[in-house]
Amino acid sequence: MKHRRQLIRIGISGLGFLLALLLPLEGWGQAGVFLAVYLLIGWDILWRAAVNIVHGQIFDENFLMAVATVGALALGEYPEAVAVMLFYQVGELFQSYAVGKSRRSIAALMDIRPDYAQVEREDSLLRVDPEEVAVGEIMVIHPGERIPLDGRVIEGSSAIDTSALTGESVPRRVEEGGEIISGCINLTSRLRVEVTHAYTESTVARILELVENAASQKARAENFITRFARCYTPVVVIAAVLLAVLPPLFLPGFPFAEWISRALTFLVISCPCALVISVPLSFFGGIGGASKVGVLVKGSNYLEALADTEIVVFDKTGTLTRGSFTVTDIQSVGMDSRELLELAACAEAGSSHPIARSIQQAFGGEIMPSRIGSVEEVAGHGIRAVVDGRTVLAGNRRLMENAGMICPPEPEGATVVYLAVDGSYAGRLLIEDEIKEDAARAVAALKAQAVRRTVMLTGDSDAVGQRVAKELGIDQAYTGLLPADKVERMEELLREKGPKGRLVFVGDGINDAPVLARADIGVAMGGLGSDAAIEAADVVIMTDEPGKLSTAIQIARKTRRIVRQNIVFALSIKTAILILGAWGYAGMWGAVFADVGVSVLAILNAVRALRVGEERTD
């Protein structure tokens, strides 16, 4: 509607301008018609310039256009004054349309806010606002409905469309006991779901908040343009005044009227709107393009930093591997294998770690809380728990050695949970974690993008860590690390990067939050990642695919390339036309076409950042 009204005003003004040129009017009659058309097309520019002056914001594009056109009217250059304002408004219309298109594209991508939730209350199904649903309530989601809140499926199985969050067109299958996230669409069957997060903490709310706040985090290029415009505009106004005054005073035969006209042309050419609009729009488009493929960037400063990625550091479990462990072998000493597994499951009953869950799933039986006494987590080592009155240790080899026990060596490349009961070694569980399908491709793609070094940090044993690193082609693996050790390694790696390079850390677990925060750019796996990791990260990959990191870097480099193109193009053209205008080779009409043309081309180039495809990564 706004664009339509502006287009109608431009059309009526253009028609009035043509009539003023064609009608056989002279003197005050002609001036009156031109003035009426001028006020119709330019009243809002004059009003904004006056309001900004009152508020102390003098030097902006509204001020430049107002001074230039009012000066042209004062010199009797009525057609030029109207033409300047008319073509400027045409450029503003293009600009507004481009910005609106970018915003609509992102709004369509992020149209995931649920309208309602159907909740079971008092033996009936009520449709309520998602914000009114409490954790633990049961909601019913029918085929075709958007999932309003994060939860766990307690009845039914269905295919879920996750494309709005992840950009993936292939539906994901969920079964009873599986986790589902808000913003997706239930496709095939009715589901009963227990709510696990309130709306404000749900995936959809966090995503919307990330996108809405992204514009507040400005890139260096945006800050440069802001500072540049703040200094540039007063400089060109002073230059225009000097251009109008000095030549007639010191050079004989140059009338004031001619140099004032050149100065006004100089002001029109100098309008910096092409830079002021196109650079932020480029970053806005880049963030929108990334969200298309399930990569959420929390600010344009992080998008810009991604383009300079030099070192990429990966966590292992849940990042390069699926984090869905399976118990493949039980080796017991002095007791039945089933009894050893039961004791391990009881000791790990209160843990949400993927390895602990795999042990609980392997046991499969019900664990009575009354059987479990005190439970103590030994950071980076394992668990000490009292089960049926017996003290159970479950953890890594270091935990056993610290307790004074001798245990057999770890098998090549296996994850092992050792167990001791009442001070005696009782056996071990062998656990396997599957490498993600795209992990090797992700590492290869990063190297193809000239990322200098790839590193893996893991708390796993050296045998497991080195096997995974070798299989994926990772340059270096640091193993057996506690959370504090990861931070120390991160500090070392930060000192090794170049002055302009950036270090990216990719992780998913709660113990990754300190490292995510310390890295130049922290990237969290959002689908399976913990809330703490997502909050600490600067970039969130909603698909849990490490390969999306190379896509994000590709988008960042494309966006930076577009920004540089716009800066060089706009400044080059404006400098050339400013010189021509100062020497009288570019008149008011040429100045208008140059200013509007540069703005429109820069804005159209900026909109390209929204398109995500196979792009060069230089």
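Q: What makes the pairing of arginine 397 and glutamate 401 a salt bridge?
A: In this predicted model, the side chains of arginine 397 and glutamate 401 meet with N and O 3.2 Å apart. The cut-off is 4 Å between a side-chain nitrogen of Lys or Arg and a carboxyl oxygen of Asp or Glu, so the pair qualifies.

Q: Why are arginine 397 and glutamate 401 separated by about one helical turn?
A: Because the two lie four residues apart in helix 13 (residues 397-402).

Q: Why is arginine 397 called partly exposed?
A: Its relative accessible area is 25%. Partly exposed lies between under 20% for buried and over 50% for exposed, so arginine 397 belongs there. Glutamate 401, at 46%, also counts as partly exposed. Elsewhere, salt bridges that share partners join Glu120, Glu155, Arg190 and Arg192 into one network.

Q: How many salt bridges does the structure hold?
A: The structure holds 23. One of them joins aspartate 388 and arginine 371, with the closest N and O atoms 2.8 Å apart. This pair links distant parts of the chain, 17 residues apart. Aspartate 388 sits in the loop between strand 14 (382-387) and strand 15 (390-395), and arginine 371 in the loop between helix 12 (354-363) and strand 13 (372-378).

Q: What makes glutamate 376 and arginine 384 a salt bridge, and why are both called partly exposed?
A: Their side chains meet at 3.2 Å, N to O, and the limit is 4 Å. Glutamate 376 has a relative accessible area of 42%, and arginine 384 has 33%. Both values fall between 20% and 50%, so both residues are partly exposed.

Q: Why is aspartate 150 called buried?
A: Aspartate 150 has 4% relative accessibility. Buried means under 20%, so the term applies. The residue lies in the loop between strand 3 (138-141) and strand 4 (151-155).

Q: How do you know that the side chain of aspartate 150 makes a polar contact with the backbone of serine 182?
A: A polar atom of the aspartate 150 side chain lies 2.8 Å from the backbone nitrogen of serine 182, and the limit for such a contact is 3.5 Å. Aspartate 150 and glycine 183 are 33 residues apart in sequence, with their C-alpha atoms 8.8 Å apart.

Q: Why is glutamine 6 called buried, and which residues does glutamine 6 touch?
A: Its relative accessible area is 15%, and the cut-off is under 20%, so glutamine 6 is buried. Glutamine 6 lies in helix 1 (residues 2-22). Leaving out residues up to four places away in sequence, glutamine 6 touches Gln89 and Leu93. Its C-alpha is 7.2 Å from that of leucine 93, a residue 87 places away along the chain.

Q: Why is phenylalanine 250 called exposed?
A: Phenylalanine 250 has 63% relative accessibility, and exposed means over 50%, so the label holds. Phenylalanine 250 is in helix 7 and belongs to a nonpolar surface patch of about 910 Å². Helix 7 (220-250) and helix 8 (256-270) each supply at least two residues of the patch, and the largest share, seven residues, comes from helix 7.

Q: Which residues touch the most other members of the largest nonpolar core?
A: Leu306 and Leu549 do, in a core of 40 residues. Helix 19 (residues 548-582) gives the largest share of this core, seven residues. Not counting residues up to four places away in sequence, leucine 306 touches Val504, Ile521, Val539, Leu549, Ala552, Ile553 and Ala556.

Key: Residues numbered from 1 in each chain as written. Predicted model: local features only at pLDDT ≥ 70, side-chain atom pairs only at ≥ 80, totals over all residues. Heavy atoms only, no water. Core = buried A, V, L, I, M, F, W, Y, C linked by side-chain atoms within 4.5 Å. Buried < 20%, exposed > 50% of the residue type's maximum accessible area, 1.4 Å probe, protein only. Contact = heavy atoms within 4.5 Å. Polar contact = N/O pair within 3.5 Å; in protein donor to acceptor, adjacent residues only side chain to side chain. Patch = residues over 30% accessible without salt bridge, like charges linked within 9 Å, V, L, I, M, F, W, Y side chains within 5 Å. Areas by Shrake-Rupley, 256 points an atom, 1.4 Å probe, with all protein chains shown as cover.
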